[in-house]
Amino acid sequence: MTDRLLPRAPYRQYVLTFPHSLRYRLALDSQLLAAIHKTVIDRIYRFIRDQLAGKFKRKDLPPGSVSFIQRSGSLLNLNLHFHLLVLDGAFICREKKRTFFHKIEGPSSEAIGELPLSIIEAVELCIGKRGLLEEDASMGTEDELLSVEAASCRLGR
């Protein structure tokens with residue numbers, strides 16, 4: 001992918017996993033999955049823009065990424081998680097429509113702690129807006145969970 005499809009630039013991989021109860025809910029609810037995916041990407045893009053904001057106008061900072069939503073673990077069990085390949089900076093558009101890539105510095109020790117907390121906060125807010133923060137709401141019914149678990153263990157035909 002990086003050889004033929006994506007522009008030559010540095011990338012950083014982010015891997016996000018979720019608590020088991022949320023994995024089951026995400027496997028059943030594609031709208032919630034899409035909303036959480038968008039929330040996570042938005043927070044990562046904000047992180048990149050914030051690092052570049054002092055040097056460039058925010059509108060000039062279009063980060064880019066490719067997402068892989070993986071639904072199983074290495075044992076073919078239900079283990080919904082995200083693999084995100086994100087530009088480690090942004091393409092900056094200058095006069096005469098010339099663009100160049102501005103790489104961000106590697107995250108500081110402080111930022112390494114802040115970004116995950118920001119993502120967790122945003123995901124909790126996204127879930128809370130849907131009324132799923134109550135203890136049992138995110139678990140689904142027992143029948144739903146059993147069917148998802150069984151499907152995750154079944155080999156493709």
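This note goes through the sheet, the helices packed on it, the salt bridges and the aromatic pairs of a predicted model.

1. The sheet. Three strands form an open sheet in the order E1-E3-E2, and their pairing is antiparallel. Strands E1 and E2 (65–72) stand at the edges with a single partner strand each, so that one side of each has no neighbour in the sheet. From one strand to the next, the twist averages 15 degrees.

2. The pairing of E2 with E3. These two strands, E2 and E3, run in the antiparallel sense and are joined over seven bridges.

3. The contact between H1 and H2. The axes of these two helices, H1 and H2, come within 5 Å and cross at roughly 115 degrees; the two are therefore described as roughly perpendicular to each other, a class that takes in angles from 65 to 115 degrees. On the H1 side the residues in contact are Leu 22, Arg 25, Leu 26 and Leu 28, and they meet Ser 30, Leu 32, Leu 33 and Ile 36 on the H2 side.

4. Asn 79. This residue, Asn 79, has its place in strand E3, and with a relative accessible area of 17% Asn 79 is buried, since the cut-off for that word is under 20%. Leaving aside residues up to four places away in sequence, Asn 79 touches Thr 17, Arg 23, Gln 70, Arg 71, Ser 72 and Gly 73.

5. Salt bridges across the chain. Side chains of opposite charge can pair when their charged atoms come close, and the model holds four salt bridges. In one of them the side chains of Arg 12 and Asp 88 meet, at 2.9 Å from N to O. This pair links distant parts of the chain, for Arg 12 lies in strand E1 (residues 11–17) and Asp 88 in the loop between strand E3 (78–87) and strand E4 (89–93), 76 residues apart. Which of the two partners is buried and which is partly exposed? Arg 12 is partly exposed, with a relative accessible area of 25%, whereas Asp 88 is buried, with a value of 3%. The pair should be read together with Lys 103, because Arg 12, Asp 88 and Lys 103 are linked in a network of salt bridges.

6. Lys 38 forms a salt bridge with Asp 42, and the closest N and O atoms of the pair are 2.8 Å apart. Because they are four residues apart in helix H2 (residues 30–52), Lys 38 and Asp 42 are separated by about one helical turn. Lys 38 counts as exposed at 52% relative accessibility, and Asp 42 as partly exposed at 37%. A further salt bridge brings together the side chains of Arg 43 and Glu 121, at 3.9 Å from N to O. Since Arg 43 lies in helix H2 and Glu 121 in helix H3 (residues 109–129), this pair ties together parts that are 78 residues apart in sequence. Arg 43 is buried, with a relative accessible area of 13%.

7. Aromatic pairs. There are two aromatic pairs. Phe 18 and Phe 82 form an edge-to-face pair, with 5.2 Å from centre to centre and 80 degrees between the planes. Phe 18 lies in the loop between E1 and H1 and Phe 82 in strand E3, so the pair ties together parts that are 64 residues apart in sequence. Phe 18 is buried, with a relative accessible area of 6%, and Phe 82 counts as buried at 0% relative accessibility. In the pair of Phe 91 and Phe 101, the ring centres are 5.0 Å apart and the planes stand at 65 degrees, so this pair is edge-to-face as well. Phe 91 is in strand E4 and Phe 101 in strand E5 (residues 99–103), 10 residues apart. Phe 91 is partly exposed, with a relative accessible area of 25%.

Key:
Residues numbered from 1 in each chain as written. Predicted model: local features only at pLDDT ≥ 70, side-chain atom pairs only at ≥ 80, totals over all residues. Heavy atoms only, no water. Buried < 20%, exposed > 50% of the residue type's maximum accessible area, 1.4 Å probe, protein only. Pairing = 2+ DSSP bridges. Axes fitted to C-alpha atoms, helices over the stretch in contact; angles between N-to-C directions. Contact = heavy atoms within 4.5 Å. Phe/Tyr/Trp six-rings, centres within 6.5 Å; stacked < 30°, edge-to-face > 60°. Parallel < 35°, antiparallel > 145°, perpendicular 65-115°, else oblique.
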